[in-house]
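Please read the following account alongside the sequence and the coordinates.

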Amino acid sequence: MAKWTPQHEAPEPLEGPVVPTIVGGTIVWFVLFLVQLPFYGWYADHGHTWWVWTCLAGGGLGLIGVWYVKKRDAAIKRAEAARAL
């Protein structure tokens, strides 16, 4: 079996509005958590409490993601400004 080698160059990564996308996703996770919270008893009775906690974990990880992509965006802008000089 021959080693696989690509026949063409890899495309450049797509850049878009990363920070608003992550913020929007984080808001969705927290809204899902808050919507499910009043029904916690039903989820507990049916063994589905992990749904509620998954939404909370998604929101928490989203906050870490927002922090990360803001720092990344700032670093990219600093590098572009340094290259422009």
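Lys77 is exposed, with a relative accessible area of 52%; exposed means over 50%, buried under 20% and partly exposed in between, using a 1.4 Å probe and protein chains only. This is a predicted model, in which local features need pLDDT of at least 70 and side-chain atom pairs count only at pLDDT 80 or more, while totals for chains, interfaces and linings use all residues. Residues are numbered from 1 along each chain as its sequence is written, and side-chain values use heavy atoms, with hydrogens and water left out.

Lys77 forms a salt bridge with Asp73, the closest N and O atoms being 3.5 Å apart; the term requires a side-chain nitrogen of Lys or Arg within 4 Å of a carboxyl oxygen of Asp or Glu. Both residues lie in helix H3, four residues apart, or about one turn of the helix. Helices here are DSSP runs of H or I with at least four residues, strands are runs of E with at least two, and both are numbered from the N terminus. Asp73 is partly exposed at 30% relative accessibility.

The whole structure holds two salt bridges. Besides the pair in H3, Glu15 forms a salt bridge with Arg72, with 3.1 Å between the closest N and O atoms. Glu15 lies in the segment before H1 and Arg72 in helix H3 (residues 49-84), so this pair ties together parts that are 57 residues apart in sequence. Glu15 is exposed at 53%, whereas Arg72 is partly exposed at 33%.

Helix H1 spans residues 18-36 and includes Val35, as well as Gln36. Val35 is partly exposed, with a relative accessible area of 49%, but Gln36 is buried at 13%. Leaving aside residues up to four places away in sequence, Gln36 touches Tyr43, Trp51, Val52 and Cys55, a contact being heavy atoms within 4.5 Å. Val35 and Val52 are 17 residues apart in sequence, and their C-alpha atoms are 9.1 Å apart.

The chain as a whole has three helices and zero strands. The C-alpha atoms fill a box of roughly 60 × 50 × 15 Å along the principal axes. Buried residues make up 15% of the 85 residues.
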